[in-house]
Amino acid sequence: MSGIRTISGGIAVSVLALALAACTSTTTVVKYVGGGSPSGTASASASPSAKPTPTGPAVTITPGSDVKAADPSTGITVTASGGTLKNVTVATSGDPVTGTYTAGRTAWHSAWTLDVSQSYTVTATATAANGTTTTKTSAFRTLTPANTFSTVIFEGQNQTYGVGMPIILDFSRPVKDKAAVERSIELTTSKRVVGAWYWDGSSTLDFRPRDFWPAHTTVSFTGRFDGVQAAPGLYGDHTLTQSFVIGQSVIAVASTRTHRTQIYIDGKLKYNWPISTGRDNEPTPDGSYLTVDKNNPVRMIGGGKKGSPGYYNELVNWAVRFTYSGDYYHSAPWSVVDQGTTNVSHGCVNLPPADAETYYKLAMPGDPITVTGSPRPGRWDDGWTEWFLSWNQVLSGSALGEAVVAGPQGSTFVKPSSLLPNTAKTPVGTAMAGNNLD
């Protein structure tokens, strides 16, 4: 689509003197000074008091005209020498181009990278203190890269997720300039959110809030990857957008020692159920997890080789998964007698059938589940384990080392030291301190 950004209006003129060079157009507007005719027909001897024609401000646009393979990652820069910029417009059939002026309006730079394989026409007008103006135009085209990357986002359009859900991005090629990728992303949220980007390797990027998302928050993601140089010669060629919703807060906390699980709904304790977790030789792993998916029923197979004493192959009802390796909250009518007193499962959290059904109907992907008291620690990436990390660890995983503050007007990067102290309380506001891998 066509995008034109006009920064400010023009200025009335009295006399035009045109100077053309190659395909770059420059117009200097001069106010007439002195007596006699402004036509310029009078000679110097006939008008000895005539003053030299003033020179308009010098305007420089980068990339300049006739450039056929401009680097889109550097954007557009406009500068004015001997004057101030009055307006800058960019015409293109690609993504609209916006930008900002410096404090003294002597320079302007585009806000984001440019699209690859796209034509642009930039028009800039500057005015000097004596009233002379200069208008300059530059027409150029960005390069067509030999290598490109694509990006996918886990969250589905208009889908609903739990308050612990990270934004998960996967890149088709390894990213080397991670800071450039982070800078190309904007979040818009219906409620104020503080978080940070975290790289899990070179091809996966997560956004994790410092604390759990506020319940009932609408999130809009925009990844302006078109023109981003992720590695030497490797460019993005698309803009990725997605909107989703954070639903009600549903938080589960299970203790392998007390044999109970508490379920908090929108910040209040709603249920306190008896459970049975993993037996001594198959303990349920500690950690701050998130629900991954759910099914009713799920076929569970394990316990050794078929025919061995511990082997099982069962259909299990009301099963909510929280690790990739196969740990669930699920209905277990066979262990009701042990629930609340003894750990007898193969690693899952066993619940009474009615309670398991209740939890199943509440659960959605991204709901926090915390397991405490186990002798076995959780494993990184065995599920969505972003909440195993402390806030400082999340920050250390950002190439920029900065926090993100998002709200209805978009997002900005800020120094972590500028944030107000964290007042979120466990378990309903944030993950439990120390219940992670560090």
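Two strands are taken to pair if DSSP finds at least two bridges between them; helices (H or I, at least four residues) and strands (E, at least two) are DSSP runs, numbered from the N terminus. The structure is a predicted model, in which local features need pLDDT of at least 70 and side-chain atom pairs count only at pLDDT 80 or more, while totals for chains, interfaces and linings use all residues. Residues are numbered from 1 along each chain as its sequence is written, and side-chain values use heavy atoms, with hydrogens and water left out.

The protein chain contains three helices and 34 strands. Of its 438 residues, 48% are buried (under 20% relative accessible area, with exposed meaning over 50% and partly exposed in between; 1.4 Å probe, protein chains only). Among contacts (heavy atoms within 4.5 Å) with a separation of 6 or more, 67% involve residues 24 or more positions apart.

An open sheet is formed by four strands in the order 4-5-8-7, with antiparallel pairing. Strand 4 (58-62) and strand 7 (99-101) each have a single partner strand and stand at the edges, so one side of each lacks a neighbour in the sheet. Strand 5 (residues 77-81) pairs with strand 8 (residues 107-110) in the antiparallel sense over three bridges, and T79 stands opposite A107 in strand 8.

In helix 2 (residues 353-362), the buried residues are D355, A356, Y359, Y360 and L362. These residues lie on the same side of helix 2 because they cover an arc of only 160 degrees around the axis (taken from the directions from the helix axis to the C-beta atoms). On the other side of helix 2, A354 and K361 are exposed.
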